Amino acid sequence: MENKNIHLLLGDQAIALGALHAGIAGVYAYPGTPSTEITEFIQASPLARERRLHTTWCTNEKTAMEAALGVSYVGKRALVCMKHVGMNVCADAFVNAAMTGVNGGIVVVAADDPSMHSSQNEQDSRFYAKFAMVPILEPSSQQEAYDMMEFAYSLSEEVGLPVLLRITTRMAHSRANVAVKAVGAEVACTGKASVPTDWVLLPGNARRRYLKVIETQPVLMERSEQSPYNRSSFPAGERKAEKGIVACGIGYNYVMENYPDGCPFPLVKVSHYPLPVDTLVRLADACRELWVVEDGQPFVEEQLKGTLPSAYTVKGRLSGDLTRTGELTPDAVRKAFGLPCEEVFAPAANLVPRPPALCNGCGHRDVYDALNRVIADYPDAKVFGDIGCYTLGALPPFRALNSCVDMGASITMAKGAADAGCFPAVAVIGDSTFTHSGMTGLLDAVNDRANITVIISDNLTTAMTGGQDSAGTNKFEAICLGLGVAPEHVRVVVPLPKNMEEITRILREEIEYNGVSVIIPRRECMQTLNRKLKQKRAEKK
């Protein structure tokens, strides 16, 4: 690469800069840790502003994926970003994007969260791409994360499919020096015209497109076998090595940290999928046993066990030789390989765990205080929570929530409980989560005249992921009325201790109302308010 500049970048930032330099027309995303910094980097980029790229947040991951498909249809490149559970939300559009194919390249970044630092599960996004039969790229370093972006868009346009770029928390949130191009390319356009029938998935067109996707699979395999991001080393001679290593994505980094002078065993680095099966079979033939080092679920290990004859020994997370859950670390690899382990990455022995808590002065605190006072009078009450910083109301001192499953589930779970005879059934949902996936549940409740009370705790931002804009700000009353909630049962309160008597009175009134009611406690997030005040003070100086 010529005209290199060196930048110290998070993995997320390297991906963002790589996408900018690859000539994207815009980024489409919903904030979610550990993916949020990708979009934020592009939003703050002078290059993005100069080119007037799309950088605003989408309402959810499905709308993000669908908007990117529209960009692709007219021949330009789009970046889609989300955390792993966001793949569940966009799955319909993502899987069908393989059926339509792409015109301009689409790269979908899925940031997985092993150890569930801020997530409900440890799902591995690579399964989604295999299910959709599209290529996967998995960088092993921040440099690869940057370099892969241009490669990914070229690959996407060459094979006519979206490409999934899968990273994990440690890749997203660790920094390294990255050599980048001095000047990014202009917004890229394929110059081709889309075939209209490809994008109309009526059964006749879909059957034709499905055959095309199947026919493309050998091409994807060939590209994987030849990929510059899949590397292999094999011993000379006919004697079998004690072990061979298949190192996937950041797992390759962890292996090499333990062998700084070079890995003494035959090794295949996998950062481009589908799996390079021919290369891996050659590795298996050269070794007595195979070790699969991958962060996340045993995606590669399972495939190898199914591909290789039973006589081959394959070890990894599925076999129990590497820890089955949680983040992979260099220490975990070192221990599994029988190397002296100093627990370099272990937490300090005198470090006291400190569970997260709602900020001092947070309006959610007053909401839970009022709710607990009222609910105490109803021994059979159930309070259904949702995804957001207000989920911390499930912890001491409030212990106010009975559930937290997925985005938007609070309203529909409350409705289901009410259908089953539960009273009172209360849903607590945040402003951003409500527009993300709560509105349809409220419509179900209205249509069924469900006896539920919905609390939309509005702090005027997407607070949990850093204070991004919330799609429904200043629109919630209108949305609820438009969905059919009776005007007299859409109530707005200001969650402050001095208003506690009013808030508890309104809660009791709406719980006793036999139907759908919505209470909107509205007060700005303390974090975003403090940032605004600091900015104002700085401007006055």
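Tutor: The following account begins with the sheet and then turns to the core and the cysteines. Please bear in mind that this is a predicted model.

The open sheet has six strands in the order S2-S3-S4-S6-S5-S11, and their pairing is mixed. Strand S2 (24-29) and strand S11 (272-273) stand at the edges; each has a single partner strand, so one side of each is left without a neighbour in the sheet. Further in, strand S3 (residues 77-83) pairs with strand S4 (residues 106-112) in the parallel sense, over six bridges. Within this pairing, Met-82 has Ala-110 in S4 as its bridge partner. Helix H1 (residues 11-21) lies across S2, S3, S4 and strand S6 (163-168), and the helix runs at about 155° to S6.

Let us now consider the nonpolar core. In soluble globular proteins, nonpolar side chains tend to be buried together. The largest nonpolar core here has 106 residues, of which Leu-79 and Phe-94 touch the most other members. Beyond its neighbours within four places in sequence, Leu-79 is in contact with several residues, including Ala-19, Ile-24, Val-27, Val-107, Val-109 and Met-149. A second, separate core of 51 residues includes Phe-384 and Ile-511.

Finally, we come to the cysteines. The count of disulfides is zero. Cys-248 is in no disulfide, since the nearest cysteine sulfur, that of Cys-263, is 14 Å away. Cys-248 counts as buried, because its relative accessibility is 0%. The sulfur of Cys-287 is 10.0 Å from the closest cysteine sulfur, in Cys-263, which is too far for a bond. Cys-287 is also buried, with a relative accessible area of 3%.

Notes:
Residues numbered from 1 in each chain as written. Predicted model: local features only at pLDDT ≥ 70, side-chain atom pairs only at ≥ 80, totals over all residues. Heavy atoms only, no water. Core = buried A, V, L, I, M, F, W, Y, C linked by side-chain atoms within 4.5 Å. Buried < 20%, exposed > 50% of the residue type's maximum accessible area, 1.4 Å probe, protein only. Contact = heavy atoms within 4.5 Å. Pairing = 2+ DSSP bridges. Helix = DSSP H or I, 4+ residues; strand = E, 2+ residues; numbered from the N terminus. Axes fitted to C-alpha atoms, helices over the stretch in contact; angles between N-to-C directions. Disulfide = S-S within 2.5 Å.
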